[in-house]
Amino acid sequence: MAMKNDSSVIEFILMGLTDQPKLQLPLFFLLSLNCVVTVMGNLSLINLICLNSHLHTPMYFFLFNLSFIDLCYSFVITPKMLMSFISERNIISFTGCMTQLFFYCFFVSSECYVLTAMAYDRYVAICKPLLYTVTMSTKFCSLLMSGSYMMGCAGAMVHTGCMIKLIFCDSNIINHYMCDIFPLLQLSCSSTYANELVVSIIVVTVISASSPIIFVSYALILFNILHMSSPKGWSKAFSTCGSHIITVGLFFGFGMLTHVKPSSSGFVEQGKFFSVFYTNVVPMLNPLIYSLRNKDVRLALKKTVKRITN
């Protein structure tokens, strides 16, 4: 995809998260710490899944991909975000901006589909345990993940392709810490109707494909749990689903707060605030949620530490 258009703008200036000088340094150290914890947490989870054979199951295959996506968030968003705190003009080239936009859209969409696959996996594990091995075969799981990445890539290509066709001829200052869709549309000199239509179509497609599967899966899981006679079965079912429900709630909750545009004039500042949770906090929390609440992950961590120390 050629990164050229008829714009006179060849670079953009990212305004960053805040323009208040007193907050620059504290936020820089806080978000740097966030980046370190995110990278270390997700890398650790990826390594644990690779090194421990008892984690080579469909559930942890999906978790591996979720951690990979969250790890990539850090490398796509955080470097330029941190630069805005320590440099007077945080410049990003037109090509760099479109590249960041592509990978941001790619990983966001892919994570939606991965979380959907994880919900279906938990449904089969709890409601159809005898068919779990047959249903969630290696081939089927690989197809689910391939489809997730392909759908994410297709959506990102459409978003980026439409953005490249816009003409930017006046201001090149993006009131954000990254190249997101709506802040870029505000700078366009040409009509953004097609872009807004594409955003609506893709968002509806992603939500329509993921939300019903997630809700139906957990509705059936809840129905199944309520008909279990053993309290031990309830506990096991809730423990296997609890981490995923928290992850889904955080991801879709902050995603909705970030991208659903209110009528108030403070949309941009509000969007920046919520997008920090969406792009920085949630990827940091995911490995902590799955490791602290998951007995298998804790056991794998103990085995790995023991293997290293001996």
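Mentor: Start with a definition. Two strands count as paired if DSSP finds at least two bridges between them. Keep in mind that this is a predicted model.

Trainee: How many helices and strands are there in the chain?

Mentor: The chain has 10 helices and 3 strands. Along the sequence the pattern reads β-α-α-β-α-α-α-β-α-α-α-α-α.

Trainee: Which way do β1 and β2 run, parallel or antiparallel?

Mentor: The general idea comes first. Strands of a sheet pair through backbone hydrogen bonds, either parallel or antiparallel. Here β1 (residues 11-14) and β2 run antiparallel, joined by 4 bridges.

Trainee: What is the bridge partner of I13 in β2?

Mentor: The partner of I13 in β2 is I91. Next along β1, look at L14. The bridge partner of L14 in β2 is N90.

Trainee: How many bridges join β1 to β3?

Mentor: There are 2 bridges between β1 and β3 (residues 173-174), and these two strands run parallel. I13 stands opposite I173 in β3. L14 stands opposite I174 in β3.

Trainee: What order do the strands of the sheet have?

Mentor: The order is β2-β1-β3. The sheet is open, has 3 strands and shows mixed pairing.

Trainee: Why is one side of β2 and of β3 left without a neighbour in the sheet?

Mentor: Because β2 and β3 stand at the edges, and each has a single partner strand.

Trainee: Which helices pack on the sheet?

Mentor: Helix α2 does, touching β1 and β2. The direction of α2 makes about 145 degrees with that of β2. Helix α3 packs on the sheet as well and touches β1, β2 and β3. For α3, the angle with the direction of β2 is about 85 degrees.

Trainee: What share of the chain counts as buried?

Mentor: Of its 310 residues, 48% count as buried.

Trainee: Next, helix packing. At what angle do α2 and α3 cross?

Mentor: Two packed helices are described by the angle between their axes and the distance between the axes. The axes of α2 (residues 58-86) and α3 cross at roughly 160 degrees and come within 10 Å. That angle makes α2 roughly antiparallel to α3. The crossing of α2 and α3 is left-handed. Their contact holds 18 nonpolar, 2 polar and 5 charged residues.

Trainee: How far apart are the axes of α3 and α7?

Mentor: The axes lie 9 Å apart, and α3 (residues 94-127) packs against α7 (residues 193-226) at about 25 degrees. So α3 is roughly parallel to α7. The crossing of α3 and α7 is left-handed.

Trainee: Which residues of α3 and α7 meet?

Mentor: From α3, the list includes S109, C112, Y113, T116 and Y120. From α7, it includes V206, A209, I213, S217 and L220. By class, the contact of α3 with α7 has 15 nonpolar, 5 polar and 1 charged residues.

Trainee: Last one. What share of the contacts between residues at least 6 apart in sequence join residues at least 24 apart?

Mentor: The share in this chain is 79%.

Methods: Residues are numbered from 1 along each chain as its sequence is written. This is a predicted model: local features need pLDDT of at least 70, side-chain atom pairs count only at pLDDT 80 or more; totals for chains, interfaces and linings use all residues. Side-chain values use heavy atoms; hydrogens and water are left out. Axes are lines fitted to C-alpha atoms, for helices over the stretch in contact, and angles run from 0 to 180 degrees between N-to-C directions. Angles under 35 degrees count as roughly parallel, over 145 as roughly antiparallel, 65 to 115 as roughly perpendicular and the rest as oblique. A crossing is left-handed if the near helix is turned anticlockwise from the far one by less than a right angle, and right-handed if clockwise. Contact means heavy atoms within 4.5 Å. Ala, Val, Leu, Ile, Met, Phe, Trp, Tyr, Cys and Pro count as nonpolar, Asp, Glu, Lys and Arg as charged, and the others, Gly among them, as polar. Buried means under 20% relative accessible area, exposed over 50%, partly exposed in between (1.4 Å probe, protein chains only).
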